[in-house]
Amino acid sequence: MEILSTINVKKTRKPHRCFGCARDIPAGSSMCKINHVDGGVISTTRWCDVCQEVWRNHMSPDDEIDMGDLKIEMPQEWESARLDIEGEAVKNDG
Ligand SMILES: [Zn+2]
């Protein structure tokens, strides 16, 4: 996999699913958008702040995951990063 570009979006205009934790991140959140090419196919993944932090601390640039794996494989690390970044409040979408 080759990274083509990395863009930090301060406020998303639309809701997006985070690749690392598979959560739906509401519009107006900050996310990182990564364009990459894999086997000749260009695709885009988006990462929430929590997953960026978990990746920085626990993963190496060559690691590859499937959607949601960051949260599934490292639930404790992921949850502690989430508490640091998002605080205790958990939104209830009803
Ligand atoms: Zn995430």
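In this predicted model, Lys33 stands opposite Arg46 in β5. That pair belongs to a stretch where β4 and β5 run antiparallel, joined over eight bridges. The two strands make a hairpin with two residues between them, and Gly39 in the turn adopts a positive phi of about 60°. On β4 (residues 31-38) there is a further antiparallel pairing, with β1 (residues 2-9), spanning seven bridges. Here Asn8 finds its bridge partner in Cys32 of β4.

Stepping back to the whole chain, the protein has five strands and three helices, and from the N terminus on the order is β-β-β-β-β-α-α-α. Of the contacts between residues at least 6 apart in sequence, 54% join residues at least 24 apart.

An α-helix has 3.6 residues a turn, so residues three or four places apart point the same way.

As for overall dimensions, the C-alpha atoms fill a box of roughly 40 × 30 × 20 Å along the principal axes. The radius of gyration is 13 Å, which agrees with the value near 12 Å that a compact globule of 94 residues would have. Buried residues account for 18% of the 94 residues.

Notes: Residues numbered from 1 in each chain as written. Predicted model: local features only at pLDDT ≥ 70, side-chain atom pairs only at ≥ 80, totals over all residues. Helix = DSSP H or I, 4+ residues; strand = E, 2+ residues; numbered from the N terminus. Rg over C-alpha atoms; globule rule 2.2 N^0.38 Å. Buried ≥ 20, exposed ≤ 12 C-beta atoms within 10 Å, placed from the backbone. Contact = placed C-beta atoms within 7 Å. Pairing = 2+ DSSP bridges.
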